[in-house]
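The sequence and the structure follow.

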Amino acid sequence: MASTLAELAAWVGGTLIGDGSVRITGAAPLGIARAGEITLLDSTEKTHRQQLGEATAAVAPRGHAPCTLPTIQVDDVHAAFTRIVSHFRPPLARPAAGISEHARIAPSARIAPGVTIFSGVTVGDDVRIGRGCVIHSGAHLFPGCTLGDDVVLFPNVVLYENTVVGSRSILHSGAVIGAYGFGYKMVDGRYQVSAQLGNVELGADVEIGACTTIDRGVYGPTVIGEGTKIDNQVMIAHNCRIGRHNIICSQVGIAGSTTTGDYVVMAGQVGVRDHVHIGEGAVLCAKCGVSNDVPAGEHMLGNPATTLREQKLKQAVFTRLPEMRKQFKDFERALERIEQRLGMRPDQAAA
């Protein structure tokens, strides 16, 4: 798979700076690239030889400061490097369509043409699977589930009954969609599970990370809007309605009946209490603890979460606490000296 640097420059539509005859045998990130490999420079600060490691060449943005390596300069450095990496490490080809004889398919299931189902898959009664879907080993589709076209379910995905998955959605290994919500009522001194009669509906182009769980609604659906991307190990409780094109990062927990607008961002380990609304375009920074509605477009930080401006003011004060404590002690000593000069007892000074 070796190629010259000139060939790679032509492949990505870049401008070559340096010796185009250099042969490149692979691509790797900055710092771990070995001799013969091309690396990625996406910052003007990453030009020192110790940062370049053993790399033979680099891909950099147009106008990037010169470095000691032959360089391909491009408009979109990450898109170009992606093409180069794919050239040296082509992605696995899409598996050939077909249904394994070792998959368990209910007779009432309806499967469109061009579907691939691997061994060990279980497909329940009245399941509908659209064209071009790929379902990997160990996936389990309970009765009544519906998959749009070109859906990919990776190994050991579980879809409880009546789950709906929109076209081109991707569910990674271990995702559980439609499990019972965490809802109980006290009856005669014992907890009894509340109604679990709803389902989950995922819009088109949704991606669900590994080991993420989304609980069914109590009576209606828990909804994930189209284009929303959910990271690994996220928990979304019953009756939530997540808007379109949200980004929800790892270890976020969203309590029941919470709603979000479109284009909301939740960073890692955000916690959201039940029955709140996160407005369109809001950003919840890492480890936010959200207990109230968040206005559209607002940036929130801290636990309990407040606006970014308020948190910055609090942090500015917090960093001054040692100095303020010293000032307070100085004031106390100064007051004590004044009292001594006046011959006042502390109780008289207080009065």
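## Strand pairing around S5

Two strands are counted as paired if DSSP finds at least two bridges between them. The model discussed here is predicted. In this model, strand S4 (residues 26-27) is joined to S5 by 2 bridges, and the two strands run parallel. Ala27 has Ile38 as its bridge partner in S5. Strand S6 (residues 57-61) also runs parallel to S5, to which 3 bridges join it. Here the bridge partner of Thr39 is Ala58 in S6.

In a regular strand, side chains alternate between the two faces of the sheet. Strand S5 (residues 37-40) has Glu37 and Thr39 pointing one way, whereas Ile38 and Leu40 point the other way. All of these residues are buried.

## The ten-stranded sheet

An open sheet is formed by 10 strands with parallel pairing, in the order S9-S12-S15-S18-S21-S26-S29-S32-S35-S38. At its edges stand strand S9 (104-105) and strand S38 (289-290); each has a single partner strand, so one side of each is left without a neighbour in the sheet.

Within this order, strand S32 (residues 253-254) and strand S35 (residues 271-272) run parallel and are joined by 2 bridges. Ile254 stands opposite Val272 of S35.

## Nonpolar cores

The largest nonpolar core has 50 residues. Those that touch the most other members are Ile129, Leu147, Leu159, Ile236, Ile278 and Leu284. Apart from this core lies another, of 19 residues, which include Ile38, Ala57, Val77 and Ile84.

The surroundings of Leu147 can be listed in detail. Leaving aside residues up to four places away in sequence, Leu147 touches Arg128, Ile129, Gly130, Cys133, Ile135, Leu141, Leu153, Leu159 and Val165.

## Nonpolar surface patch

On the surface, a nonpolar patch is formed by Tyr180, Phe182, Tyr184, Met186, Tyr191 and Val193, which together have about 760 Å² of accessible area. Strand S22 (184-187) and strand S23 (190-193) are the elements that give two or more residues to the patch.

Tyr184 lies in strand S22. Is Tyr184 buried or partly exposed? The relative accessible area of Tyr184 is 45%. Buried means under 20% and exposed over 50%, with partly exposed in between; Tyr184 is therefore partly exposed.

Conventions. Residues numbered from 1 in each chain as written. Predicted model: local features only at pLDDT ≥ 70, side-chain atom pairs only at ≥ 80, totals over all residues. Heavy atoms only, no water. Buried < 20%, exposed > 50% of the residue type's maximum accessible area, 1.4 Å probe, protein only. Helix = DSSP H or I, 4+ residues; strand = E, 2+ residues; numbered from the N terminus. Patch = residues over 30% accessible without salt bridge, like charges linked within 9 Å, V, L, I, M, F, W, Y side chains within 5 Å. Areas by Shrake-Rupley, 256 points an atom, 1.4 Å probe, with all protein chains shown as cover. Salt bridge = Lys/Arg side-chain N within 4 Å of Asp/Glu carboxyl O. Core = buried A, V, L, I, M, F, W, Y, C linked by side-chain atoms within 4.5 Å. Contact = heavy atoms within 4.5 Å.
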